[in-house]
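Visitor: Please take a close look at the charged side chains on this chain. I would like to know how they group and pair, and what surrounds them.

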Amino acid sequence: MKKRIFRSTMIAVMAVLLASFTIILTCLYDYFAGIQENQLKDELTLAAAGVEKSGLDYLEDLDYRRYRITWVAEDGNVIFDSAAEENTMENHAGRTEIKNAFASGEGADTRYSSTLMEKTIYYARRIQDGTVLRISVSRATAGLLVIGMFQPIAVVILLAIILSAVLAKKSANRITEPLLNLNLEQPLENDSYEELAPLLERIHRQHKQIVSAMRELKKRKDEFAQITQSMSEGLVLLNEQGIILAINPAAKRIFHADGKCVGQDFLTIERSYDISQALEKGNAEGHSEIRCKRDGSEYQFDFSRISSDEQTIGTVVLAFDITQQATAERTRREFTANVSHELKTPLQSIMGSAELIENGMVKQEDMHRFVGRIRTEASRLVSLIDDIIHLSQMDDAVQMPMESVDLYDIACEAMRSVQDAAAARDITLELNGQHHTVLGVPRLLFELVYNLCDNAVKYNVEHGSVQISLAQQGEQVVLAVKDTGIGIPAEHIPRIFERFYRVDKSHSKDSGGTGLGLSIVKHAAACHHAKVEIQSEVGKGTEVSVVFSAQTKRPEPTAQETEKQQG
């Protein structure tokens, strides 16, 4: 702005200066030209009077320094000329001023010399004897006058430019200083030009709107940051070029990135070809998803296009940890397949035996054996169904009322339940320890101890032994069941609590196991916040310990339980 004011001022000054010089020179030139013409006429009058009185002698005695006098006869020949020989001069009858003088008594003319850049003024007057006396003088033209005065004019213009530049700069600074010092944060508090009042008022309104918008934007930004920071799902925002605009902590962990990745291409933190293809598909079709495994977990990545005015402005990447969901799906599929298989086996045996009996193909003496097989398979089927029901109840996390339970009494009851099976194989059962009370569900605790004892008998060797022990360790109660059976290979121990998982399927079929015993033990222990530990050695036996921690103390009753008790 300063430059524009400075240039405008200098242009105005130069225009005024040139106009002033032109007007002054023109006026002075015309003024002095008029004076000179009047003097020239006066000189001609005096010369005419002298010629009429003294004739040629008068002209010859004059001192011609400034003027030129020419005396022309009636026929146009030159009688006398102060600047040249008469006989060398041409006839002047055709000259304008001479012709007018002969005709009307006076004549005047001006002739310019382009080479000398001057003009000559002629005045002629007819005297009494009929001849014409002419006087002339040469004077510089305006252009020659300017050339002659170039040096002083240049000095004056230079001084005027310097002075104007200084004044223009000061004026520009003085004009722009209030503008440069405007307080745009408080526009109405400025003491500036009145002409700026409407502008400052508008700035004030816009400033209030901007402050309000910024406050709202910051609020939204803080809300967005708090929401995304606490999200367990990974969130990445990309612009239309795939540059990362925002990434939350969960996404940083999933993609192994840090805060420096913001502003970089998404491919710098994720180089998977499948994810790149899914990102391109999401941008093209609006949405895409893909499942990948990372660090032992399974994730689902959703890519959603963000559009505005039918133009793509970015992409949202969401990463969900679906490990539990995927595991549950696989478990359900495996459970369904295993249940179908386990139910189908005894049913086929029952149907086969019943069909043989129905068709009269069984002898009377073999009838007892076939009926016994049907009863055994039906009993196995009932046990399997009971176990499935128990597991389903545990999976549904049905809240069961807890009470003080004596683990020693539970162990005695479970040991009596497997006594017949143990006696059939000459297996010794032994219970050691004292009475210890824990908070729990009696039925679930019985299922837990019974299944441990049942497995210890089923997978034991002939003439083996099973030891059940109870011990107090600080605030913990440890229930241990140890057998002298076949043992479990180390590679199978992490999976023995899975449903229907068997180490030796042929032996389990002979023993009549359902493959759900240890799954029931695991779930029952989880319901009591207990920890299950197992130690086993192939050919020497297995010891399973259930540790009931201090967390098994009676919890505070809920509002519903309190109402029931009061009712």
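Guide: A patch is built from residues with over 30% relative accessible area and no salt bridge, with like charges joined within 9 Å and nonpolar side chains (Val, Leu, Ile, Met, Phe, Trp, Tyr) within 5 Å. Lys and Arg count as positive, Asp and Glu as negative; His and the chain ends are left out of the count. Each charge is placed at NZ of Lys, CZ of Arg, CG of Asp or CD of Glu. Areas follow the Shrake-Rupley method with a 1.4 Å probe, and for residues only the protein chains shown count as cover.

The model is predicted: local features need pLDDT of at least 70, side-chain atom pairs count only at pLDDT 80 or more, and totals for chains, interfaces and linings use all residues. Residues are numbered from 1 along each chain as its sequence is written, and side-chain values use heavy atoms, without hydrogens or water.

Start with the negative surface patch. Its members are Glu52, Glu74, Asp75 and Asp129. Take glutamate 74. It sits in the loop between strand E1 (68-72) and strand E2 (78-81). Helices (H or I, at least four residues) and strands (E, at least two) are DSSP runs, numbered from the N terminus. Glutamate 74 has 55% relative accessibility, so it counts as exposed. The classes are buried under 20% relative accessible area, exposed over 50%, and partly exposed in between (1.4 Å probe, protein chains only).

Now the pairs. Side chains of opposite charge can pair when their charged atoms come close. A salt bridge here is a side-chain nitrogen of Lys or Arg within 4 Å of a carboxyl oxygen of Asp or Glu. That rule gives 14 salt bridges.

One of them joins glutamate 97 to arginine 111, with the closest N and O atoms 3.3 Å apart. Glutamate 97 belongs to helix H3 (residues 96-104) and arginine 111 to strand E3 (residues 106-113), so the bridge ties together parts 14 residues apart in sequence. Glutamate 97 is buried, at 0% relative accessibility. Arginine 111 is partly exposed, at 28%.

Glutamate 216 meets arginine 220 at 2.9 Å, N to O. Both are in helix H6 (residues 197-230), four residues apart, about one turn of the helix. Glutamate 216 is partly exposed at 35%; arginine 220 is exposed at 52%. Aspartate 222 pairs with lysine 218, the closest N and O atoms being 3.1 Å apart. Aspartate 222 and lysine 218 are also four residues apart in helix H6, about one turn. Aspartate 222 is partly exposed at 32%, whereas lysine 218 is exposed at 51%. Elsewhere, bridges with shared partners join Glu97, Asp109, Arg111 and Arg134 into one network.

Next, the nonpolar surface. Ile24, Leu28, Tyr31, Phe32 and Ile35 make a nonpolar patch of about 500 Å². Among them, leucine 28 lies in helix H1 (residues 2-54). Leucine 28 is partly exposed, at 42% relative accessibility.

Isoleucine 269 sits in the loop between helix H7 (249-255) and helix H8 (273-285). It is buried at 16%. Its C-alpha is 6.2 Å from that of alanine 257, 12 residues away along the chain.

Last, the cysteines. With a disulfide taken as a pair of cysteine sulfur atoms within 2.5 Å, a search of the whole structure finds zero. Cysteine 27 is partly exposed at 47%; cysteine 453 is buried at 1%.
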